[in-house]
Amino acid sequence: MMADRIGAPPRAWQRMLSGRRLDLLDPSPLDVEIADIAHGLARVARWNGQTAGDHAFSVAQHSLLVEDIFCSLVPGPSPDARLAALLHDAPEYVIGDMISPFKAAVGGGYKAVEQRLQRAIHIRFGLPAEPSEKLRHDIKRADQVAAYFEATGLAGFSLAEAAQFFGRPRGISADRFDLACKPAKTVQAAFLKRFAAIEKERS
């Protein structure tokens, strides 16, 4: 990547394969495309790639897992709620998946960029820019369960260590979910298929 011209403001946008140019500091919902999200998330590795298997466990696969767990934990969730769960990590299609310890070290700047992107993504797909506190809590709970299953099944954490950081899931077993790491194109297609199924219900 060429350096910015001397004296010019630093470039803050990302070119997408769809042709869109997404401004990371002031993202427009009009520049958000689900194809770009699916492509990017399917190629971003969870756990910095430190997982067992021939392929990375991608953020797209994690997102599918979280939405699946969310549906198991929450009775009769609406299509809007399921879409919010599927897209809970969608900003990472442009900013990557930063592990929690590094997020804490970086501080609020990263979080602010992530939140602006999340709002733009929600608006683009007709969701409230800010989800309700209950929905945020329910998605976070599903996210923590997924993290525990991934940590113990793929990322080398002991059960005690994972329980310390993510909490031990109760009444739900990893055996019910697919944790096999898959190729990027396979996960990308599965993500788009799930998105399309939820959108059909929403319409």
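## Basis

This is a predicted model: local features need pLDDT of at least 70, side-chain atom pairs count only at pLDDT 80 or more, and totals for chains, interfaces and linings use all residues. Residues are numbered from 1 along each chain as its sequence is written, and side-chain values use heavy atoms, with hydrogens and water left out.

## H3 against H9

Helix H3 spans residues 79–86 and helix H9 spans residues 184–202. Helices are DSSP runs (H or I, at least four residues), numbered from the N terminus. H3 and H9 pack at about 160°, with axes 9 Å apart. Axes are lines fitted to C-alpha atoms over the stretch in contact, and angles run from 0 to 180 degrees between N-to-C directions. The two helices are therefore roughly antiparallel (angles over 145 degrees). Their crossing is left-handed (the near helix is turned anticlockwise from the far one by less than a right angle; clockwise is right-handed).

H3 makes the contact (heavy atoms within 4.5 Å) through Pro79, Asp80, Arg82, Leu83 and Leu86. H9 brings Phe191, Arg194, Phe195, Ile198, Glu199, Glu201 and Arg202. By class, there are six nonpolar, no polar and six charged residues. Ala, Val, Leu, Ile, Met, Phe, Trp, Tyr, Cys and Pro count as nonpolar, Asp, Glu, Lys and Arg as charged, and the others, Gly among them, as polar.

Helix H1 (residues 34–41) packs on H9 at about 140°, with axes 8 Å apart. This crossing is right-handed. Ile34, Ala35, Ile37, Ala38, His39 and Leu41 of H1 touch Gln188, Phe191, Leu192 and Phe195 of H9. The contact has eight nonpolar, two polar and no charged residues.

Helix H2 (59–73) meets H9 at about 40°, with axes 9 Å apart. The crossing is left-handed. Ala60, Gln61, Ser63, Leu64 and Glu67 in H2 face Val187, Ala190, Phe191, Arg194 and Ile198 in H9. Six are nonpolar, two polar and two charged.

## The second largest pocket

The second largest pocket has a volume of about 200 Å³. A pocket is an open set of points on a 1 Å grid over the protein atoms alone, where a 1.4 Å probe fits, with protein on both sides within 12 Å along at least five of seven lines. The volume is the space filled by probe spheres set on the points, which are joined across faces, edges and corners.

Lining residues (an atom within 4 Å of a point) include Gln61, Leu64, Glu67, Val187, Ala190 and Arg194. H2 and H9 each supply at least two. H2 gives the largest share, five residues. The lining divides into five nonpolar, two polar and five charged.

Terms used. Parallel < 35°, antiparallel > 145°, perpendicular 65-115°, else oblique.
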